[in-house]
Amino acid sequence: MKPILSQKNRALLAELVRTDFKLRYQGSVLGYAWSLLRPLLLFLILYVVFVKFLKIGGDIPHFPVYLLFGIVIWNFFAETTSQSLGSIVGRGDLLRKIYLPSWIVVLSSSISALINLFLNLIVVLVFIFINHVDLLRTAFYLPLILLEVYILALGISLFLSAAFVKYRDITYIWEVAMQAGFYLTPILYPVSRITNVTLQKLLFMNPMGQAIQDSRYAVITHQTVTSGTVFGSSVIKFIPILLTGMIFILGFIYFKRQSKTFAENV
Amino acid sequence: MDDIVIKVDNVSKSFKLPHEKYSSLKSTFVNIYRRKKTFELQEALRGVSFEVKKGEFFGVVGRNGSGKSTLLKLLAGIYNPTNGQLHVKGKLTPFIELGVGFNPELTGRENVFLNGALLGFSRRQMKSLYQDIVGFAELSKFMDQKLKNYSSGMQVRLAFSIAIKTNSDILLLDEVLAVGDASFQKKCFDYFHKLKKDKVTVVFISHDMNSIREYCDRAVLIEGGKIVEQGDPEKVAQAYTKMFMKSGASTNNTGARWGTKKVIARDVKIKVGDDNVKIDVVYSMEKPVENPIFGVTIFSPVGIKIFESNTRWCRIKTGNFKKADVCTVSWDMPNIFTNGTNYVTVAVADSDGAEFYDWWDEAASFIVDKDMITTAVALPEHKVEIKR
């Protein structure tokens with residue numbers, strides 16, 4: 001077995017990520033600052049509407065940071081999947097002319113999103129200090145939770161990017177799915193506002209819901225409703241993690257099968 | 001058996017060409033509902049087998065659409081074979097196109113590293129080659145400028161330098177490399193000679209028989225997805241030329257044609273002898289014309305103008321013609337042409353050359369197959385003597 005990331009593939013991956021990053025804000029005045037400004041501005045809008053106008057989240061301590069943190073994690077998921085979706089088709093001219101391990105193309109798009117996530121987490125950290133949030137010890141679990149989100153996003157990305165080669169509708173379908181996902185995930189509203197227990201349970205079947213709530217629990221406040229609170233000690237609480245694993249494996253298998261004919265179909 | 005670096009074993013490749021491309025979900029569902037899947041199976045390669053030894057310059061020859069490019073892409077790993085197996089031993093670098101992945105928004109320097117990574121070289125390897133590449137391309141002053149500010153010639157130079165300065169065990173070269181101006185072509189051919197001298201394994205795709213004869217140790221001829229001839233390049237080159245000989249000199253209708261149609265070129269007949277080439281052009285007059293000028297131009301297999309003449313330059317008064325007159329204009333010249341397909345363009349204009357009655361690009365072609373070869377544009381009959 002060859003190592004998955006041989007020196008050659010590592011060099012290629014690094015070069016693709018570097019190129020992506022250099023070209024992303026080509027010609028914009030603020031450049032990379034947009035990576036930070038975009039989620040911050042979105043946060044500002046949602047904060048004004050939901051916290052100031054609708055008075056949501058009053059019972060949760062440090063709700064603004066809590067909200068921002070959720071948005072940052074969701075944005076990472078959204079950015080990874082939507083960027084990877086078109087990555088294979090976007091690099092079609094390359095794939096037709098030269099041999100490339102095609103998964104590297106998807107991986108490189110996801111890494112650009114990963115870099116953005118880290119920049120955004122720094123902003124969250126600044127807000128944490130401004131708001132005098134006591135960083136919890138459980139924050140050490142955060143990398144594990146983010147790993148879960150990354151694996152989920154990567155699995156979906158592999159599936160989407162491969163399917164997009166054949167079906168160009170995918171981009172529109174995914175746009176709508178992301179809109180739906182944004183509201184089906186407890187990002188804006190505290191889970192406690194949902195009084196129906198069955199609905200709450202269904203909400204936590206969503207790996208993104210579970211991951212975002214767990215991250216908030218781990219970093220900001222233990223007063224967060226998590227899948228642990230909803231399901232108790234029942235093994236059902238592991239379903240989202242299981243789903244993540246399954247989605248990744250299925251996405252990977254589908255991608256692997258399709259990748260043999262990318263050069264012909266793209 | 002150790003010295004075999006490429007082994008192609010009974011490889012077939014077919015493409016499914018749908019009659020209508022379903023690239024949206026709706027059309028796919030509609031199609032499933034109708035239970036109808038119509039596609040054509042195009043067999044690009046059928047049971048191709050050959051081996052390439054270490055240090056060999058191996059030629060692949062074939063007409064357009066014969067399956068050459070498919071074979072190249074299979075060797076490069078871009079396509080997977082439908083049937084059969086391919087084994088490649090060592091690092092193979094394909095040059096199907098120069099400057100793959102070049103991005104106009106990046107600087108020259110960044111593009112060198114990106115292109116290098118795509119060809120499978122690490123940043124460290126590229127760093128050690130960088131000075132060499134830039135030096136050879138003669139672009140040191142421009143490396144920090146964006147590629148979009150380069151002239152197309154500079155871009156090609158940079159891409160070509162990367163191609164020749166990066167070294168690997170096996171090279172796949174498409175003849176598209178040998179495009180560009182004369183000095184650039186010379187650089188390419190010098191490079192081919194150097195490869196041959198250095199015993200680099202090369203798979204060379206071409207339909208220029210002169211370069212196949214000159215560089216290759218062995219060659220295969222592909223036609224209709226199958227190998228029809230292999231071995232000695234001379235034998236392969238002859239088989240290739242014979243494929244066209246069947247049709248011989250021929251008029252074709254693909255070339256561009258324009259004019260006022262007062263006179264129309266009806267037919268072009270070409271006789272290719274060892275010493276002479278004779279071209280007869282039949283014209284018919286649709287309107288009465290005075291002193292028309294008849295002309296002919298010949299282009300070499302690589303598209304260079306070799307011969308051009310007309311009745312005015314020859315100071316011939318052609319006289320007056322009535323409507324429905326027919327005449328044949330004959331051109332006779334020494335056979336200075338090079339091996340391959342030469343193209344003939346014919347034209348007829350009014351006495352001042354101001355109005356073109358009929359201009360017919362590539363009205364006919366003829367094949368030259370001499371024993372002697374050259375890389376120059378013309379090959380006149382000549383003698384060599386050595387005195388001691």
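This is a predicted model: local features need pLDDT of at least 70, side-chain atom pairs count only at pLDDT 80 or more; totals for chains, interfaces and linings use all residues.

By the convention used here, a residue is buried if 20 or more other C-beta atoms lie within 10 Å of its own, exposed if 12 or fewer, and partly exposed in between, with C-beta atoms placed from the backbone.

Residues are numbered from 1 along each chain as its sequence is written, and chains are lettered from A and ligands numbered from 1 in the order in which they are written.

To return to A:Pro186, its place is in the loop between α8 (170–184) and α9 (197–203) of chain A. Helices (H or I, at least four residues) and strands (E, at least two) are DSSP runs, numbered from the N terminus. What is A:Pro186 in contact with, leaving aside its neighbours within four places in sequence? The partners are A:Val191, A:Leu203, A:Gly209, A:Ile212 and A:Gln213, where contact requires that the C-beta atoms of two residues, placed from the backbone, lie within 7 Å. A separation of 9.8 Å lies between the C-alpha atoms of A:Pro186 and A:Leu67, which are 119 residues apart along the chain.

Let me now turn to chain A as a whole. Its secondary structure comprises 13 helices and 0 strands. Of its 266 residues, 38% count as buried. The C-alpha trace of chain A spans about 60 × 45 × 35 Å along its principal axes. A compact globule of 266 residues would have a radius of gyration near 18 Å, and the 19 Å of chain A agrees with that. The radius is taken over C-alpha atoms, and the globule rule is 2.2 Å times the number of residues to the power 0.38. Among the contacts in chain A with a separation of 6 or more, 79% are accounted for by residues 24 or more positions apart.

One further residue of chain A deserves mention. A:Lys55 sits in the loop between α2 (33–53) and α3 (63–85) of chain A. Its phi is near 55°, a positive value in a residue other than glycine. Is A:Lys55 buried or exposed? A:Lys55 counts as exposed, because it has 8 C-beta neighbours inside 10 Å.

Chain B brings us to sheets. Strands of a sheet pair through backbone hydrogen bonds, either parallel or antiparallel. Here, two strands are said to pair if DSSP finds at least two bridges between them.

In chain B, 3 strands form an open sheet in the order β2-β1-β4, with antiparallel pairing. At the edges stand β2 (39–53) and β4 (83–88) of chain B, each with a single partner strand, so one side of each is left without a neighbour in the sheet. Strand β1 (residues 4–18) of chain B pairs with β2(B) in the antiparallel sense over 11 bridges, and B:Phe15 stands opposite B:Gln42 in β2(B). Strand β1 of chain B also holds B:Asn10, whose phi is near 50°, a positive value in a residue other than glycine. B:Asn10 is exposed, because 12 other C-beta atoms lie within 10 Å.

Another open sheet of chain B has 6 strands in the order β5-β6-β7-β3-β8-β9, and its pairing is mixed. Its edge strands are β5 (92–95) and β9 (226–231) of chain B, each pairing on one side only. Within this sheet, which sense joins strands β6 (residues 170–174) and β7 (residues 201–206) of chain B? They pair in the parallel sense, over 5 bridges, and B:Leu173 stands opposite B:Phe204 in β7(B).

As for helices in chain B, the 14 residues of α5 (residues 152–165) should span 20 Å at 1.5 Å a residue, and the end C-alpha atoms, 20 Å apart, agree with this. The expected span is 1.5 Å times one less than the number of residues. Buried residues in α5(B) include B:Leu158, B:Phe160 and B:Ile162.

Finally, I come to the interface. The contact takes 25 residues from chain B and 21 residues from chain A. On the side of chain B that touches chain A, the elements that give two or more residues are α1 (25–34) and α3 (108–118) of chain B. The largest share of that side, 4 residues, comes from α3(B).
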